[in-house]
Amino acid sequence: MRLEDDGTNKKTWMLAVIEPHREPSATKTGTVLALPKGLVDAGEKPEEAALREVREETGLAATPVTKLADIKYVYVRTWGDGARVFKIVSFYLLKYQSGGIDDISEEMRIEVERAFWMPLRDAGKVLSYRGEKDVVRRALEYLKLHPEV
């Protein structure tokens, strides 16, 4: 997240959001908007994974502020064996440090269609996943209680 002038001399928190790459499907329509996330590599801590995934999926370097939530869910693989997968994703409030939004490698384009900034206050209305909408609500609450951020 970063603070940005909204054009009226007020600052607004902006959130980095991704549109994951999806193969065309006859059953799924519409744009998916999500928060950056991914797997924790061997020997990596969840916070380190969050920083790496944000860098890889958005092109941005960030510094951690606080952990916001662990989201647990189950999904069915649409490839390979079609197995049910239980997943825990740790979400952190991260503050923008450097880099250009959507400045990601060609290798990452297989996972991410695009990355862009959006006002944090609007993200809960447009993100595709309920758990991530809750993470946005928690981020807003944290920032309200910690204006020093």
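**Ground rules.** I am working with a predicted model, in which local features need pLDDT of at least 70 and side-chain atom pairs count only at pLDDT 80 or more, while totals for chains, interfaces and linings use all residues. I number residues from 1 along each chain as its sequence is written, and the side-chain values use heavy atoms, with hydrogens and water left out.

**Largest pocket.** I began with open space, taking a pocket as an open set of points on a 1 Å grid over the protein atoms alone, where a 1.4 Å probe fits and protein lies on both sides within 12 Å along at least five of seven lines. The largest pocket has a volume of about 1500 Å³, a volume being the space filled by probe spheres set on the points, which are joined across faces, edges and corners. I found 34 lining residues, and Pro20, Tyr75, Trp79, Lys87 and Tyr129 are the closest to the centre of this pocket; a lining residue has an atom within 4 Å of a point. Two or more lining residues come from each of strand E2 (11-20), helix H1 (46-58), strand E3 (60-76), strand E4 (84-99) and helix H3 (130-145), where helices (H or I, at least four residues) and strands (E, at least two) are DSSP runs numbered from the N terminus. Sorted by class, the lining of the largest pocket holds 15 nonpolar, five polar and 14 charged residues, with Ala, Val, Leu, Ile, Met, Phe, Trp, Tyr, Cys and Pro counted as nonpolar, Asp, Glu, Lys and Arg as charged, and the others, Gly among them, as polar.

**Second largest pocket.** I then turned to the second largest pocket, which contains about 490 Å³ of space. Its lining has 31 residues, of which Pro36, Val54, Phe91, Tyr92 and Leu94 are the closest to the centre. E4 supplies the largest share of this lining, nine residues, and the class count is 26 nonpolar, two polar and three charged.

**Sheet.** I next traced an open sheet of three strands in the order E1-E2-E5, with antiparallel pairing; two strands pair if DSSP finds at least two bridges between them. Strand E1 (2-5) and strand E5 (112-119) are the edge strands, each pairing on one side only. E1 and E2 are joined by four bridges, among them the one from Glu4 to Thr12 and the one from Leu3 to Trp13. In the hairpin of these two strands, which has five residues between them, Gly7 takes a positive phi near 95°.

**Two single residues.** Gly99 lies in strand E4 and is partly exposed, with a relative accessible area of 42%; buried means under 20%, exposed over 50% and partly exposed in between, with a 1.4 Å probe and protein chains only. I noted that Gly99 and Ala61 are 38 residues apart in sequence and 6.0 Å apart in space, C-alpha to C-alpha. Asp102, in the loop between E4 and E5, has a positive phi of about 70° although it is not a glycine. Most residues other than glycine have a negative phi. Asp102 is partly exposed, with a relative accessible area of 26%.
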